[in-house]
Amino acid sequence: MSAADDPRLADYRDLRDVELRKHLEAEHGLFLAEGEKVVRRAVEAGFTARSFLMAPRWLDGLGDVLDRSDAPCYVLSEALAEEVTGFHVHRGALASLERRPLPSVEEVLDGARSVLVLEDLVDHTNVGAILRSGAALGFDAVLLAPRCADPLYRRAIKVAMGAVFSLPWTRLPDWYDALPDLSARGYTTVALTLAADAVPITDAVAGLDRVALVLGSEGHGLSPRWEQSADRRAIIPMAAGIDSLNVAAATAVACYVTSQR
């Protein structure tokens, strides 16, 4: 293939334009995976490929994946791939895959003891890092408020190293009563916050069976509604005059502490 404007490459165009990509991917029900490991994990997780795009040197490494798929593989020079996508595809391989309908909250929580609940995180990198931490530290599920960034956006998938395919997640249909609903389902909701009545995270999760860690947005943290409706409020004690961590770093710490409860 030698033309960047070939219509068969439409799924891969303008990958740096976040708003355009969100519209295109929602309209066509697709998402992109980048890099050999992530492409492999997406296909092995059962997602149906629409097509693959890669430089010649990646054909051998993904040969078994390509052999098992009926989707076309477009082989481009690295220069042409950069012209199509708008950036240097240094990981060499991309795949366009079909989205699935999101599972219900009931399905995602079935059998789950440790849950992450995210309110209005807008940075795809943070969402991906949080899913990776949750999967690595034994969490069972992730619930996202309606305005959270898309875990299946290319950047989120890349940072998560494919954890988005293995850790069950879905969006909450009701923002306002989300935490009381979790409490009614038997979870103790623990909000990470700087509130005056917050206790150290080690104390907040000690002895709990089913726990839902609640994290807020990058700028303002949790909304007053979620902060106040959580069963407990917790803080990660800081030193050296620092009052908080980046939300992805804070989640990793809180997940580790909770996993040791």
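Modeller: R21, E25, R99 and D150 are linked in a network of salt bridges, a salt bridge being a side-chain nitrogen of Lys or Arg within 4 Å of a carboxyl oxygen of Asp or Glu. This is a predicted model, in which local features need pLDDT of at least 70 and side-chain atom pairs count only at pLDDT 80 or more, while totals for chains, interfaces and linings use all residues. Residues are numbered from 1 along each chain as its sequence is written, and side-chain values use heavy atoms, with hydrogens and water left out.

The structure holds 18 salt bridges in total. In one of them the side chains of R50 and D11 meet at 2.8 Å, N to O. R50 belongs to strand β2 and D11 to the segment before α1 (18–28), so this pair ties together parts that lie 39 residues apart in sequence; helices (H or I, at least four residues) and strands (E, at least two) are DSSP runs, numbered from the N terminus. D11 counts as buried at 11% relative accessibility, whereas R50 is partly exposed at 30%, where buried means under 20% relative accessible area, exposed over 50%, and partly exposed in between (1.4 Å probe, protein chains only).

Of the 6 residues of β4 (residues 93–98), 5 are buried, so the strand is largely enclosed by the rest of the structure.

A contrasting case lies within helix α1, where K22 and E19 are 3 residues apart, about one turn of the helix, and their side chains form a salt bridge at 3.2 Å, N to O. E19 is exposed, with a relative accessible area of 53%, while K22 counts as partly exposed at 37%.

The side chains of R113 and D209 also meet in a salt bridge, at 2.9 Å, N to O. R113 sits in the loop between α5 (105–109) and β5, and D209 in the loop between α10 (201–205) and β10, so the pair ties together parts that are 96 residues apart in sequence. R113 is partly exposed at 40% relative accessibility, and D209 is partly exposed at 47%.

Strand β5 (residues 114–118) pairs with β6 (residues 141–144) in the parallel sense over 4 bridges, and V115 has A141 in β6 as its bridge partner.

Terms used
Two strands pair if DSSP finds at least two bridges between them.
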